[in-house]
Amino acid sequence: MVSSEKMMGRSCRILWFVFLLLHACNGFYLPGTYMHTYSPGEDIYVKVNSLTSIETELPFSYYSLPYCQPPEGIKKSAENLGELLMGDQIDNSPYRFKMNVNETVFLCITSPLSEHEVKLLKQRTHDLYQVNMILDNLPAMRYANQNGVKIQWTGFPVGYTTPNSNDDYIINHLKFRVLIHEYEGSAMQIIGTGEEGLGVITETDKQKTSGYEIVGFEVVPCSIKHNAEVMSKLHMYDNITSIDCPSELEKSQPIREQERVAFTYEVEFVKSDIRWPSRWDAYLKMEGARVHWFSILNSLMVILFMAGIVFVIFLRTVRRDLTRYEELDKEAQAQMNEELSGWKLVVGDVFREPDHSKLLCVMIGNGVQIAGMAVVTIIFAALGFMSPASRGMLLTAMIIVYLFLGIFAGYAGVRLWRTIKGLSDGWRGVAWSVACFFPGIVFVILTLLNFLLWGSRSTGAIPISLYFILLSLWFCISVPLTLFGGFLGTRAEPIQYPVRTNQIPREIPARKYPSWLLVLGAGTLPFGTLFIELFFILSSIWLGRFYYVFGFLFIVLLLLVIVCAEVSVVLTYMHLCVEDWRWWWKAFFASGSVALYVFLYSVNYLVFDLQSLSGPVSAILYLGYSLIMAVAIMLATGTIGFIVSFYFVHYLFSSELPFQSFMLNWANWPCFRGILQVLVLIDDFAWHFFENHVHYLPFAPDFLVPLV
């Protein structure tokens, strides 16, 4: 009775605490930045990001062109690690609005354009550079009509060129359209993380948090030839009469030497029913969304079909042995167990130390680290923690997760080293190699690419200070954790082999065709799970589009893991069946060879989808970043395939009965009998066609002969 009263009292206190918490905080939202309400007439400041182009992929500073500068001077905004690595350079700008006040404003007029400025403006115009502006963390959006289709873009061009004129024209007048939503609330408390860091809006002096929220930011760019004499008499932020965008070229501002360019803008506030949490929907619902979803669904169907084919192949390799083993009596089964054939012949060599075993351990350790980073990052992104409103947050999270997963990389690499060698000698060298292998490759490639960016004076170049920050994070976090993980690997029990290894290696029978052809060809199956998502990921990186379907990406990642495991197991079993005991590296590259197809697809994307990409510098940058991505994919997928194959081989040779007997017992379970019958029917149909045609294929490897 007393305990019941205590329980009730504790429950009441908990409920009272929850009530107080809800009373203090009426709302909670984590969209990537916190909501800001503006009162009528309050100043709103526009920020500018780097100039970007899909033709060169070389970002440049906004103020590298002769634009108007703010009266208080250029001030850089606080940027996270991901923004710096992506080449973002966010600065303040002279554009400022007053909430819910429509006006047309004069900014400045330049001095006569010099030859260098004209050349630079023309070059940026021909390279299709875009000006990127940000208001309340929303990028400026521009709408355009092409062939009767309404297309939306982020940013606006520096200038434009018409086919009927030899002149280039600069964009010097902007018509802004700010969508606002009237908000009224009290005691609202909102916490979030954005570019300003942690933000909290609380009740201050018992005032209501009412005002206007910015839910949209649109821009219409114009080129207008102003009267230089009249404009030179005005001061910054003087109001002028409203201006319509001219359709005649004679009224547009050409880019010529000794021309004075006047910059003006017009702002209009429009009330909207869009609420603040939904203001990013306009950016994420770009044209072609239906094609995107259909492609994702089609990719999933292809993945399931290929996984079924892999399982049918695996079923075919053991089916004849299953049938023969089932029909024999116990004495015949015992006699058959003594007659070694196929994979049973390599029982004394299957766990022999592979060539370059240290390199294999290092690559497995790095693969564990990269695969773990991908899984953790995609899970958090799918849960909504990587909002597109938080620029650079995804890349920053990937780097931080990668650094802290060094402990698992060191553990996996050193434990595999102990398993192969049987001793812990040399584990420090393995741990150091794990800590430096993949980061060293990335460091070398980025340094070479950085020299190209420095030579082009691009904001995409990594500053020296950022180099020291990255090296400090590497040596102060990743390296110690990797060494500590390696130390834990020496304390863990090594994986004991179920069979002994002979002193003299067994000779591998000669084959007509090299086995590496089948290993490289196996990478096409995992690639089938990637290429649709890979297209959208490349488009988001190189064409400036938003990628936000992380839920589908997580599903594709799970299917990729399954396919990599199946492919490596099947290829390992095939090699063992033809008495090839050198399965270690082949199990790794059976699934890791998908990186080759990823890189080839990246080259295909460069040639056919990035046709506007101009210049050898841009192509080298693209190929360099694609190479880093391919190496990371190779290490992650290869590690998945190797680990599954290792435990498959370990179980295969540790069973008292042959593996076929295990499969037979599994197939005889009532819950799997129906599934097995369906797969056998599919197997009969597929391999009936295969039996009639495989003998006519001149390139059919020896591995396929036992299957038919």
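**Close-up views of a predicted model**

**View 1. Isoleucine 44 faces phenylalanine 97 of strand E2 across the sheet.** Welcome to the first stop. Side-chain values rest on heavy atoms, with hydrogens and water left out, and residues are numbered from 1 along each chain as its sequence is written. This is a predicted model, where local features need pLDDT of at least 70 and side-chain atom pairs count only at pLDDT 80 or more, while totals for chains, interfaces and linings use all residues. Strands E1 (residues 43-48) and E2 (residues 91-98) run antiparallel and are joined by five bridges. On the E5 side (residues 133-135), E1 is again antiparallel, here with three bridges, and lysine 47 has isoleucine 134 as its bridge partner. Helices (H or I, at least four residues) and strands (E, at least two) are DSSP runs numbered from the N terminus.

**View 2. Four strands make an open antiparallel sheet in the order E2-E1-E5-E6.** Strands count as paired if DSSP finds at least two bridges between them. E2 and E6 (138-139) are the edge strands, each pairing on one side only.

**View 3. The side chains of E1 alternate between two faces.** Buried means under 20% relative accessible area, exposed means over 50%, and partly exposed lies in between (1.4 Å probe, protein chains only).

**View 4. Isoleucine 90 sits in the loop between helix H2 (81-85) and E2.** With a relative accessible area of 0%, isoleucine 90 is buried.

**View 5. Helices H10 (residues 406-421) and H11 (residues 427-456) pack with their axes 9 Å apart.** The angle between them is about 140°, so H10 and H11 are oblique to each other. H10 passes H11 in a right-handed crossing. From H10, the contact draws on Ala409, Gly410, Gly413, Val414 and Trp417, and from H11 on Trp427, Val430, Ala431 and Val434. By class, that gives seven nonpolar, two polar and no charged residues. Some terms for this view and the next:

- Axes are lines fitted to C-alpha atoms, for helices over the stretch in contact, with angles from 0 to 180 degrees between N-to-C directions.
- Angles under 35 degrees are roughly parallel, over 145 roughly antiparallel, 65 to 115 roughly perpendicular, and the rest oblique.
- A crossing is left-handed if the near helix is turned anticlockwise from the far one by less than a right angle, and right-handed if clockwise.
- Contact means heavy atoms within 4.5 Å.
- Ala, Val, Leu, Ile, Met, Phe, Trp, Tyr, Cys and Pro are nonpolar, Asp, Glu, Lys and Arg charged, and the others, Gly among them, polar.

**View 6. H11 also crosses helix H12 (residues 464-491), at roughly 160°.** Their axes come within 8 Å, and H11 and H12 are therefore roughly antiparallel to each other. This crossing is right-handed. Its contact residues divide into 17 nonpolar, six polar and no charged.

**View 7. The chain as a whole holds 21 helices and 16 strands.** Of its 708 residues, 49% are buried.
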